[in-house]
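Take a look at the protein below.

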Amino acid sequence: MNITRFVMTDGINGPSSSAEVPFRSNEQRKQSFVESGGLIGVIDEGTKTIGFSIYTTPDFKEIAAHSVELSVITPQDGWYEQDPLEMMSSINTCAEEAIKQLPDLGYCARNIASIGITNQRETTIVWDAVTGKPLYNAIVWKDIRTSSTVEKIVAKVQDPNYFKERTGLPISTYFSALKICWLRDNVPEVKQAIRKNRCKAGTVDSWIVWNLTNGALHITDVTNASRTLLMNLETQDWDPVLLKTFDIQEDMLPKIHSCSEIFGKITCDRCVLRGLTLSGILGNQQASLLGQMCVKPGQTKNTYRSGCFLLCNTGDTPVFSSHGLLTTIAYKLGPNAPTTYALEGSVSVAGHALSWLQNKVRLLPDSKEAEKYAEAVPTSGDVYFVPAFTGLYAPYWSQTARGIIIGLTQFTRKNHIVRAALEAICFQTRDILECMHQECGHEINKIHADGKLTTNSLLMQLQADTAGLPIFRSQLMDSTAFGAAMCAAQADGINLCKFEPEKRYYENVHYDTFLPTTTEQEREERYGKWKRAVERSLGWVIKQKKTRASTEFYHRLLSSLPASIFLMSSFAMMVHSVSMVKS
């Protein structure tokens, strides 16, 4: 395995393929108008964990942090929910525990100048504007309960990409608009609150801000809004046509802001952050893109978590994909700042496949041991694992695909299947890269990697070998909170750092680099087999249409069942009696 570590220094001798990091040099820091800097706090609300981190400025060193696991509720197969009240209590707990660490470091809560928020995107919450209480659990981004709603809308407009020029997104269960429709149509409390003009809806960032400000602010930022299927990418406001199509009232929705500006003060009495300023909001994958310093067109990052999220910076022009990629807003660092766009491909099941191997089929004692188990065999033994548990995202966008493990022989061991699960993450990433190479308009010559799964060095090497590109693994492991911290710190009025992407400054940013060790012929042969495996997973779910005739027959069958049983049992008793008499 080839691993080369680069240590980046101030402005010189950095590798040409590294990210370009807009940190100021030591001399420039001495001239900074913020002599000693201030601290920035970040609420990091993910799908599986919630954390609170505290950074110094302008060097952005994390000095305190605390995180907790977030429960996931699965009432039905393919349904994923979370408790909005648990989210808020967890945020308060994490903030309290992180702030408790400050005195030993010579700081206190008063040194925190501002707060940034980064969150799981698309996950949708509705609540009562008067009581402030949620009207239902949060519906998580990967939930597929809205499949029938998607089918109805697509049947009506005749094209799943009908709104793509407006939103950059296909009509899919993935996005918030469909989740709001389901809540309206299926939850009586939501329907009643809408009728009384008391219902508020938003992504997780909106719910957090509403609670932190006691309902004074109902806002979101452009990155989260661009994932709802309701925002127009050109106007960066809620689109009247889309609101009418989905029958969603605009006054339910938050006001859209830039990612970096002073939004207001935290006023919640129950929160240790009371009195602090909110100045940054970013969806978690956009925060990761910023934290990886992918600030120039063509720079690309992939976050490896329960899912994978590959984003490529396309600059100030949105690129609309014809290959299933999403067009999204990368960031807008101020009300008057230019908007930066990105192409995105999402993988629904990445690390979640390892959890499945651990918890459901018991092939792994611990998902953290996947690297050890996979390294016990030199290859996957020609086994391919397509983890389409709830369908496939980009570039296939197939709701009817289901997971398969193919290529099994009598010699297959669990180690081969574990290795195939790691390779599946890499192959799905390559699926997206193939499209990005064709459409982004810029050369992609490396991938910046972060996320908890990147601690698996074998996975990083397999990714380099599968994609044929160097993988730059950030030593931050998770750049999400770091990106949100920079976003909050550079807001006008906070001014704890100056974001200058056109300049090259390097300040102790470390990468491990994994270089490809396979030939192009080897890569193409294995990728071709992966594509064949994907083809076999497509169209597995066949939904039978219920006709009126079949329904009536079914009801007649049910109604006749008790009488049939009575007649059959009576006949059996008569036969038995006759036989007894004859004997």
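## Helix 2 and helix 7

Which residues in helix 2 meet which residues in helix 7? Pro84, Leu85, Met87, Met88 and Ile91 in helix 2 meet Val204, Trp207, Ile208, Asn211 and Leu212 in helix 7. Contact means heavy atoms within 4.5 Å. By class, this contact has 9 nonpolar, 1 polar and no charged residues. Ala, Val, Leu, Ile, Met, Phe, Trp, Tyr, Cys and Pro count as nonpolar, Asp, Glu, Lys and Arg as charged, and the others, Gly among them, as polar.

Helix 2 spans residues 84–100 and helix 7 spans residues 204–212. They pack at an angle of about 60 degrees, with axes 11 Å apart. Axes are lines fitted to C-alpha atoms, for helices over the stretch in contact, and angles run from 0 to 180 degrees between N-to-C directions. The crossing of helix 2 and helix 7 is right-handed: the near helix is turned clockwise from the far one by less than a right angle.

## The model and the whole chain

This is a predicted model: local features need pLDDT of at least 70, side-chain atom pairs count only at pLDDT 80 or more, and totals for chains, interfaces and linings use all residues. Residues are numbered from 1 along each chain as its sequence is written, and side-chain values use heavy atoms, with hydrogens and water left out.

The protein chain has 17 helices and 24 strands. Helices (H or I, at least four residues) and strands (E, at least two) are DSSP runs, numbered from the N terminus. Of the 583 residues, 57% count as buried, meaning under 20% relative accessible area with a 1.4 Å probe, protein chains only.

## Helix 11 and helix 13

Helix 11 (residues 351–359) packs against helix 13 (residues 414–439) at about 160 degrees, with axes 9 Å apart. That angle makes helix 11 roughly antiparallel to helix 13, a label for angles over 145 degrees. Gly351, Leu354 and Leu357 of helix 11 touch Ile417, Val418, Ala421, Leu422 and Ile425 of helix 13. These residues divide into 7 nonpolar, 1 polar and no charged.

## Nonpolar cores

A nonpolar core is a set of buried Ala, Val, Leu, Ile, Met, Phe, Trp, Tyr and Cys residues joined through side-chain atoms within 4.5 Å. The largest has 76 residues; Leu230, Phe246, Ile248 and Leu290 have the most contacts inside it. Helix 15 (residues 480–489) gives the most to this core, with 8 residues. Apart from this core lies another, of 45 residues, including Leu325 and Cys440.

Note on methods:
Buried < 20%, exposed > 50% of the residue type's maximum accessible area, 1.4 Å probe, protein only. Parallel < 35°, antiparallel > 145°, perpendicular 65-115°, else oblique.
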